[in-house]
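Subject: Structure handover

Hi there,

Here is the structure I promised to pass on to you. Please open it alongside this message, and my notes on what turned up follow below.

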Amino acid sequence: MNSNWFKLLMKATKVKYGKNLLLKGVPIIFNKSGAKLTIGDNVTINSSFLSNLVGLYQRTIIVTRTSGAEIHIGNNVGISGATIYARKSIKIGDNTNIGGNAKILDNDFHPLEIEARNADIKEKIATKPIVIGKNCFIGCNTLILKGTTLGDGCVVGAGAVVSGKFEENSVIAGNPARVIKKL
């Protein structure tokens with residue numbers, strides 16, 4: 001299905017994207033008023049179940065949830081059925097590939113304190129920026145949590161739950177994720 005019509009909706013919500021954006025299937029891309037969502041040149045976003053044979057559970061979802069949020073996706077990035085959800089900031093470097101069904105979340109979605117959670121106090125939701133370097137590979141079904149920094153050239157194994165700061169050229173795997181090898 002040709003989803004070039006979706007690019008018109010992206011422009012209407014002030015999503016900025018570069019040359020040769022390829023949408024396979026129809027993603028869910030939402031940019032909150034006052035937020036900043038930029039997508040670089042030569043980016044491919046797979047949202048069709050047949051666009052990645054690892055087996056996508058969902059369409060790609062890219063959301064800035066607050067007016068101050070920022071998502072920056074670099075050039076030559078590939079994304080397959082992933083969720084990228086920012087209340088603060090998520091930056092993804094050039095030439096990075098994000099595997100099927102990965103989740104990149106810079107927040108906890110709900111407050112941790114019982115009273116705040118029951119009262120649904122959005123200001124109490126913990127957030128920390130995420131930075132993913134250049135030339136990284138994020139395996140399928142991974143979870144990248146708030147405050148994570150991946151240096152350039154990192155590889156994250158399938159199914160890893162990642163939190164913390166990792167030096168460049170690290171191979172990271174497990175739950176909780178840890179460095180298992182240096183490249």
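Six strands make up an open sheet, ordered S3-S6-S9-S12-S15-S18, and their pairing is parallel. At the edges stand strand S3 (28-31) and strand S18 (161-162); each has a single partner strand, so one side of each is left without a neighbour in the sheet. Do keep in mind that this is a predicted model. S3 is joined to S6 by four bridges in the parallel sense, and there Phe30 sits opposite Val63 of S6.

Parallel pairing links S7 to S4 over four bridges, with Leu37 opposite Ile71 in S7. S7 also runs parallel to S10, again with four bridges between them. Here Glu70 has Ser89 in S10 as its bridge partner.

Is Ser89 buried or exposed? Its relative accessible area is 12%, so Ser89 is buried. Beyond its neighbours within four places in sequence, Ser89 is in contact with Glu70, Asp106, Pro129 and Ile130.

Which residues does Ile84 touch, leaving aside its neighbours within four places in sequence? The contacts are Ile61, Ile62, Val63, Ile71, Ile73, Ile79, Ile90, Ile92, Ile98 and Ile104.

For the charged pairs, how many salt bridges does a search of the whole structure find? The search gives two.

- Asp108 and Lys146 meet through their side chains at 2.9 Å, N to O. Asp108 is in the loop between strand S12 (103-105) and helix H2 (114-119), and Lys146 is in the loop between strand S15 (143-144) and strand S16 (149-150), so this pair ties together parts that are 38 residues apart in sequence. Asp108 is partly exposed at 25% relative accessible area, and Lys146 is partly exposed at 23%.
- Lys182 and Glu167 form a salt bridge at 3.5 Å, N to O. Lys182 belongs to strand S21 (residues 177-182) and Glu167 to the loop between strand S19 (165-166) and strand S20 (170-174), so the pair ties together parts that are 15 residues apart in sequence. With 44% relative accessibility, Lys182 counts as partly exposed, whereas Glu167, at 59%, counts as exposed.

Ser48 counts as partly exposed because its relative accessibility is 25%. Apart from its neighbours within four places in sequence, Ser48 is in contact with Lys24, Gly25 and Leu56. Its C-alpha atom is separated by 22 Å from that of Leu37, which is 11 residues away along the chain.

How values were computed. Residues numbered from 1 in each chain as written. Predicted model: local features only at pLDDT ≥ 70, side-chain atom pairs only at ≥ 80, totals over all residues. Heavy atoms only, no water. Contact = heavy atoms within 4.5 Å. Buried < 20%, exposed > 50% of the residue type's maximum accessible area, 1.4 Å probe, protein only. Pairing = 2+ DSSP bridges. Helix = DSSP H or I, 4+ residues; strand = E, 2+ residues; numbered from the N terminus. Salt bridge = Lys/Arg side-chain N within 4 Å of Asp/Glu carboxyl O.
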